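My plan is to look up the overall fold and then a single residue.

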Amino acid sequence: MNPILKQKIIDVCNRKIAQKGENVGLSFYAFFANKNDNPELLMEAAQWWIMTHQLDHFEKAIKIKQMIEDMHQP
């Protein structure tokens, strides 16, 4: 996964958790502005979310953050 996307996901998850608590849910659209200014990155996130991990439309931010952080481990 693109390092920029990984960091963006972690940052958004951290912000949402800080704002709404550990039970906050989000979809992969939360990582992008309403204006689709980076379709390649959006498709990479969609591929990871839907095809690779078969996640529900909404998932707990804490779960997504942990999944991304686990990708960094050797």
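Which pattern does the protein chain follow when read along the sequence? I read it as α-β-α-β-α, with three helices and two strands in the protein chain; helices (H or I, at least four residues) and strands (E, at least two) are DSSP runs, numbered from the N terminus.

I note that this is a predicted model, in which local features need pLDDT of at least 70 and side-chain atom pairs count only at pLDDT 80 or more, while totals for chains, interfaces and linings use all residues. Residues are numbered from 1 along each chain as its sequence is written, and side-chain values use heavy atoms, with hydrogens and water left out.

Next I looked up the overall dimensions, and found that the C-alpha trace of the protein chain spans about 35 × 30 × 20 Å along its principal axes. I also looked up burial (buried means under 20% relative accessible area, with a 1.4 Å probe and protein chains only), and buried residues make up 35% of the 74 residues in the protein chain.

Then I turned to Ala61, which lies in helix α3, residues 61–71. Is Ala61 buried or exposed? Ala61 counts as buried because its relative accessibility is 0%. Leaving aside residues up to four places away in sequence, I found that Ala61 touches Cys13, Ile17, Val24, Gly25 and Leu26, where contact means heavy atoms within 4.5 Å. Finally I looked up Met43, which is 18 residues from Ala61 along the chain, and the C-alpha atoms of the two are separated by 19 Å.

How values were computed:
Buried means under 20% relative accessible area, exposed over 50%, partly exposed in between (1.4 Å probe, protein chains only).
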